[in-house]
Amino acid sequence: MIQFQFITYLLLLALIPLLLIMFFWARYKKKQASKRIGDPLLVKQLTSHYKQASYFQKFLLLSLSLGLLVLALANMRMPSGENRVSRKGIDVMIALDVSKSMLAQDISPTRLDRAKQLLSRLIDRLSDNRIGIVVFAGKAYLQMPLTADAGAAKMYLSSASTQSVPTQGTVIGDALKMCYSSFNSKEKKYKAVLLISDGEDHDEAAVKIASEMASDGIVIYTVGIGSPQGAPIMDETTGQFKKDVQGNTVISRLNENELISIAQKGNGKYQLFKSTDEVVRNLYNQFSSMDQRSVKDDSLINYQKFFQYFLGLALLLLLWEMMISEVRKPKPDSNKIKKLKPAVLAIAMMIFSSSAFAQTDNEYIKKGNESYKKNDFPSAAASYEKVVQKNAANNTAHYNLGNALYKSGKMDEAIASYDKAIAGMNKPLEKADANYNKGVVLQNNKKIPECIEAYKNALRLNPNHEDARQNLQRALQQQKQQNQQDNKDKDKDKNKDEKKKDEDKQPKPQPSKLTQKDAEEKLKALMQQEKNLQDKLHKVNSQSVVKPEKDW
C-alpha cells in the first residue's frame, strides 16, 4: 500500500491555490494599469513584443513544480511485503528456582544446570512470543522484563546461578507475584507463567496467589525437577556435601504436591522432568494451544521510495519554465542561456547525485535488514555503519544500527546510535520507540536512573506506549530497592564509625591495685559463677528442641 512518510508536508500544497489567487490578481492589476495609460491601440502597439500566453505557461509550470517538490518532501513510499514481519504469540514469564537445593545431583549434572538447558531449548522454539525471566530463592528478582528478543533471554538465563539471590529458601509465592506484576493488567488472556522448581519448602501463599492469577487470565504451568528420594547438596564454597547444625548430611527432596496444587489452581498442568526433549515438546504444545494475539513488527520493513521521480520531474519543469521567454525576439539570447547553463547543470548534478546516494543508502539498509533477520548482527551493524558514515543525517540507519549493536552486546555504542537517531527524528511516535529501545538497553545494563529518564521521554512523546509504562514501573521499583540497599550500607558504615569512636573514647585500663591473694579469690568466685551458669543453660537446653536455620 502506497503511503507518505511525512504527511504533514502535504499541507504545503495549500500554497498552490494561494499562487492561483495571486496570479489572477496580478493579471487584473496589469489590465487596470494598461487602461490608465491611454488609447488601447497605442497600448497594444507598445506591448506587441510581450507574449501573454508565455506568462500563463510559466505560472503553470512553476505551480506544477511546487506540487511535485512537496510530494518529494512527503516521501511517497511502498512497503516491500516480503520483508514485513507478522507473528502470533503470547507473553510468557519464566520463574526459575536458583536456591542451593537446585545444586542437588539427582538430576545430572545438577537440577539447576538441567533446568537452564531445558529453558534454553524452549526459548529457541518460542521466538514468536515475548519472554521475561524471574529468579527466586529466599526472595524473587526480575532478571529480565518481557521482550521479544530471544537472544537476550538466553543471555540472561545463562547468567542465572545460586549467587543471583543472596537470601536462601524457596518462596514460590513471591516469584508468582513478581511474574503477575510483569504482565499487562489490561489484558485478560495471552499470558502464561512457567514455574521450574523442586518445590522443597511449603509456601502456603503460592496456591492462593496462583488462584488469583488464574482469575485474571494467567495460565500457570509447573515443572518439578528432582526426585522424591532426594539427594545431598554440594556446597560450592567447600566442595563438600551440606550439613545441618547437628552435622547430618542434608537431603533435598522434590515436593510434587505443592507444584501440582499450583498448576491446578492456575488452570495449567504439572509435569515431572524426565527428558529435556519431552518436557520442551509438551510445553511448546501447551503454549501453542493457548489463544494467540497477532503482533506486527515494523522494525525490519523495507520501503521502495519514489521521491527521486518527483524531484527529477520538478527539475525538468523548472528548466522548461526558464527557457520560456515572455518577450518576442527573433532568436533567444544565447549569452543568457550560456550563463544559465552552468548553474542549471550544477543544480541537476547535485540533485541526481543526492538521489544516487539515497539509493545506495537504501541498498545498504536493506542488506543490513536481511542480515539482522538472519541474526547475523555484526554484519547488519557493518551495513548500517556504511550508511551513517556517508550520510550522518540518516535517522533510520542510526536507529537500526542501535538495534544491531545492542544484539551484538555493544551496549554503550547502541545507546550512542539511539541518541543520534532521536536527535534527528521529527515524528513523535518514532522518537518514542527510539527512547524506549534506549531505555531497555540502559535497564539491561543496570543503569537505572538513565533508563527511567528514557522511558519518561518515550511516554511524553507517546502516552499510550504501554511497554514503556510497564518497564518504567519496574525500573522505579528497582531504583527503590537499590536506594534502600544503599541506605542500609550507609547506616552500616555509620555504625562502624560510631563504634570505632566509642572504642577510642573508652578509658584505658589502669594498673591493678589488688594484691595477688585478692585477685586469686576474685578469680575463683568468677569461675564458680561461670560453672553455675553453664549448668543452668545445659539443663534448659536438654528440655528444649532447637530448630536449625535452613540455608538451602
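Good morning. The model is predicted: local features need pLDDT of at least 70, side-chain atom pairs count only at pLDDT 80 or more, and totals for chains, interfaces and linings use all residues. Residues are numbered from 1 along each chain as its sequence is written, and side-chain values use heavy atoms, with hydrogens and water left out.

I begin with the chain as a whole. The protein chain has 18 helices and 13 strands, taken as DSSP runs (helices H or I, at least four residues; strands E, at least two) and numbered from the N terminus. Of its 552 residues, 39% are buried, that is, under 20% relative accessible area with a 1.4 Å probe and protein chains only; exposed means over 50%, and partly exposed lies in between. Among contacts (heavy atoms within 4.5 Å) between residues at least 6 apart in sequence, 75% join residues at least 24 apart.

I turn now to Asp489. This residue is found in helix H17, which covers residues 466-505. Is Asp489 buried or partly exposed? Asp489 is partly exposed, because its relative accessible area is 35%.

The next residue is Glu450. Glu450 lies in helix H16, residues 448-461. With a relative accessible area of 42%, Glu450 is likewise partly exposed. What separation do the C-alpha atoms of Glu450 and Gly439 show? They are 7.4 Å apart, and the two residues are 11 residues apart along the chain.

Thank you for your attention.
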